[in-house]
Amino acid sequence: MLYNNLSGYLRAKYGKRMKKICIDGGFCCPNRDGKCGTVGCIYCGERGAGEHIDPTLSIGEQVRAALSAATADTLFIAYFQNFTNTYAPIQVLRERYDAALIDPRIRILSVGTRPDCIDEEVCALLAEYSKTREVWVELGLQTSSDLTADRINRGYHLDTFERAWGLLKKYSLKTVIHLIIGLPGEGDEESRASAEYVAALSPFGVKLHSIYVMRDTALAEMYRQNLYTPPTLDEYASRAAYALSVMPESVVIHRLTGDCPEGELVAPEWNKDKNKIIAHVNATLEGEGHRQGSRAKK
Ligand code: SF4
């Protein structure tokens, strides 16, 4: 096996593939509401991800719709996707998570968030949920470079991530770290540095996102003004393959691409074909004689 992928992990643990229920929990983001920024990260769309989710549905309605569309023996991951899903008072978080966890077939609670929205209280709450089901905390780090973090208007620096990481470790919470390959100003060197940084942490999981320029974002404006050029598919595959090769074998690779919402893609064109991207990364890794962990520090 070239890498330790998510479907393999789920099959080994639960005996079958699982469906992800992407949930818009009605949260906001401190990088948009003025707490640490007002315009958000330069690649972020108006919905803060999860654009395919019907925003008029309650959490319960979103979950019930997914449950009823699947066969009775399907298991599920409840994934709070849009914006920052730990950015609310604890009681609100509890209510919203409970509104999703309405069926015993939902075996995993996954929460997408930012490191500056992780504190002791949040960790204690998530640790409570982890007593009855698997819990994943998904952190959008994207890069280990503070210079790039400022360039993409991420709104926090690496020291904030490291504080959150320490807390998540303290509470034994499974963490999935997101990296974006191809951010403005980043080439092979920066991409490798981020991958090596994350590899050294040896998190539960990693998501590698191929960058895409989405309509009506600050990145789209940079692209229009020729201030940003996305990587080619070859460049992406080479950087992703390197990232896989430095990741310890235990790290579960949750994804290898980024999905732009239908009709919203400005560039690069290759981002439309997810299967082609994955095949290209696999071929690059294999062609270089590597696999996940082959360059990992022992
Ligand atoms: S942290 Fe996430 S939701 Fe907030 S602005 Fe950045 S990408 Fe968007």
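Q: At what angle do helix α7 and helix α9 pack?
A: Helix α7 (residues 188-201) and helix α9 (residues 233-246) pack at an angle of about 25°, and their axes are 9 Å apart. Here axes are lines fitted to C-alpha atoms, for helices over the stretch in contact, and angles run from 0 to 180 degrees between N-to-C directions. Helices are DSSP runs of H or I with at least four residues, strands are runs of E with at least two, and both are numbered from the N terminus. Before we go on: this is a predicted model, where local features need pLDDT of at least 70, side-chain atom pairs count only at pLDDT 80 or more, and totals for chains, interfaces and linings use all residues. Residues are numbered from 1 along each chain as its sequence is written.

Q: Which residues make the contact?
A: From α7 there are D188, S191, R192, A195, E196 and A199, and from α9 there are R239, Y242, A243 and V246. Two residues are in contact if their C-beta atoms, placed from the backbone, lie within 7 Å.

Q: Why does A193 count as partly exposed?
A: Because A193 has 15 C-beta neighbours inside 10 Å. A residue is buried if 20 or more other C-beta atoms lie within 10 Å of its own, exposed if 12 or fewer, and partly exposed in between.

Q: Nice. Where is S202, and what is its phi?
A: S202 sits in the loop between α7 and β6 (205-210). Its phi is near 50°, a positive value in a residue other than glycine. Most residues other than glycine have a negative phi, and most peptide bonds are trans.

Q: Which phi does D216 have, positive or negative?
A: Positive: the phi of D216 is about 60°, although D216 is not a glycine. D216 is in the loop between β7 (213-214) and α8 (218-224), and it counts as exposed, with 10 C-beta neighbours inside 10 Å.

Q: And the peptide bond from A267 to P268, cis or trans?
A: It is cis, with omega near -10°. P268 belongs to the loop between β9 (265-267) and α10 (274-287).

Q: Changing topic: how do the axes of α2 and α3 cross?
A: The axes of α2 (residues 59-68) and α3 (residues 90-100) cross at roughly 25° and come within 8 Å. α2 is therefore roughly parallel to α3. I59, G60 and V63 of α2 meet R96, A99 and A100 of α3.

Q: What does Y129 touch?
A: Not counting residues up to four places away in sequence, Y129 touches Y97, L109 and V135. Y129 lies in helix α4 (residues 120-129) and is partly exposed, with 18 other C-beta atoms within 10 Å.

Q: Last one, the big picture: how many helices and strands does the chain have?
A: The chain has ten helices and nine strands. Of its 298 residues, 43% count as buried. The C-alpha atoms fill a box of roughly 45 × 45 × 35 Å, taken along the principal axes.

Technical notes
Angles under 35 degrees count as roughly parallel, over 145 as roughly antiparallel, 65 to 115 as roughly perpendicular and the rest as oblique.
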